[in-house]
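Open the model in your viewer and keep the selection tool at hand. The tour below goes from one stop to the next.

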Amino acid sequence: MSDDKKTDDKKADMKETTRTVGIQDLDPLALFGKNDSNLRLVERSYPVQLTYRDGSLALRGEPATVDEVSAILSALDDLVRKGAVLEEHDVHNFIGVSDAHEREESLQIYERPVLFSFDKRTLRVKTLGQARYVSALQKHDIVFAIGPAGTGKTYLAVAAAVHALKARQVERILLVRPAVEAGESLGFLPGDMKEKVDPYLRPLYDALNDLLSFEKIRRFLDLGVIEVAPLAYMRGRTLNNAFVIL
């Protein structure tokens, strides 16, 4: 072996460290997941090697990475000891969170979950972003939500609106979509205004149907407690004690 090769190997060894975490009094399956899926997810997210043997988990990698992964595993360990059943999204909640305060916030999701109780189900936020979103909906009059599809923006907005209606914090819910989506073709669709704009409100209706019974939704629509309108028709409206979802 050349001197250069030996030097490179020595430098690589100096950059890596190994830390052992004892989990003797914890069910490994609860922490690691089925087929070690939680560990594999961590390994795919960080340049670290995780090895379990005789009640101990060895972490091998660069010191900074080992420190971060060790903190993540410690947080997941706390969840399991508190009775949580870890799923993939739980592990994702802590991956990439290097700030101790944010990790503490994520833990509080499970200790003090934000709950909505409805006719059909009870909801719990699943991510730190969702917890902050719901908190903003409850504290502020105007909230803008930006994020990829499938992260719960529309669903949680509808859930917050129905919750506020049940708690008598608002008197009605307005489901609004921009008239740009309907455009000139709005007049060529069959039916009245509600039926014309309905195709653009399907995500909102899907959320309502998932939370309330069909009879209650129909009654709210007939009484005007839940109102559907394109954005262009909102000019000049007076919206007192209303929850508007745009």
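Begin with a pair of helices whose crossing is right-handed: helix 8 and helix 11. Keep in mind that this is a predicted model.

**Stop one: two helices**

Select residues 153-166 for helix 8 and residues 202-211 for helix 11. Two packed helices are described by the angle between their axes and the distance between the axes. Here the axes come within 9 Å and cross at roughly 55°. Helix 8 is therefore oblique to helix 11.

Now show side chains. Which residues of helix 8 meet helix 11? On the helix 8 side, pick T154, Y155, V158, A159 and V162. On the helix 11 side, pick P203, L204, A207, L208, D210 and L211. By class, this contact has 9 nonpolar residues, 1 polar and 1 charged.

**Stop two: an aromatic pair**

Clear the selection. How many aromatic pairs are there by the rule of ring centres within 6.5 Å? The count comes to 1. Select F32 and Y52 to see this pair. A pair of aromatic rings is described by the distance of the centres and the angle of the planes. For F32 and Y52, that is 5.1 Å centre to centre and 70° between the planes. The pair is edge-to-face, because planes over 60 degrees apart count that way.

Next, colour by secondary structure. F32 sits in helix 2 (residues 28-32), and Y52 in strand 2 (residues 48-53). The two are 20 residues apart, so the pair links distant parts of the chain.

**Last stop: the surface**

Is F32 buried or exposed? F32 is buried, with a relative accessible area of 3%. Y52 is partly exposed, at 36% relative accessibility.

How values were computed. Residues numbered from 1 in each chain as written. Predicted model: local features only at pLDDT ≥ 70, side-chain atom pairs only at ≥ 80, totals over all residues. Heavy atoms only, no water. Axes fitted to C-alpha atoms, helices over the stretch in contact; angles between N-to-C directions. Helix = DSSP H or I, 4+ residues; strand = E, 2+ residues; numbered from the N terminus. Parallel < 35°, antiparallel > 145°, perpendicular 65-115°, else oblique. Left-handed = near helix turned anticlockwise from the far one by under 90°. Contact = heavy atoms within 4.5 Å. Nonpolar A, V, L, I, M, F, W, Y, C, P; charged D, E, K, R; others polar. Phe/Tyr/Trp six-rings, centres within 6.5 Å; stacked < 30°, edge-to-face > 60°. Buried < 20%, exposed > 50% of the residue type's maximum accessible area, 1.4 Å probe, protein only.
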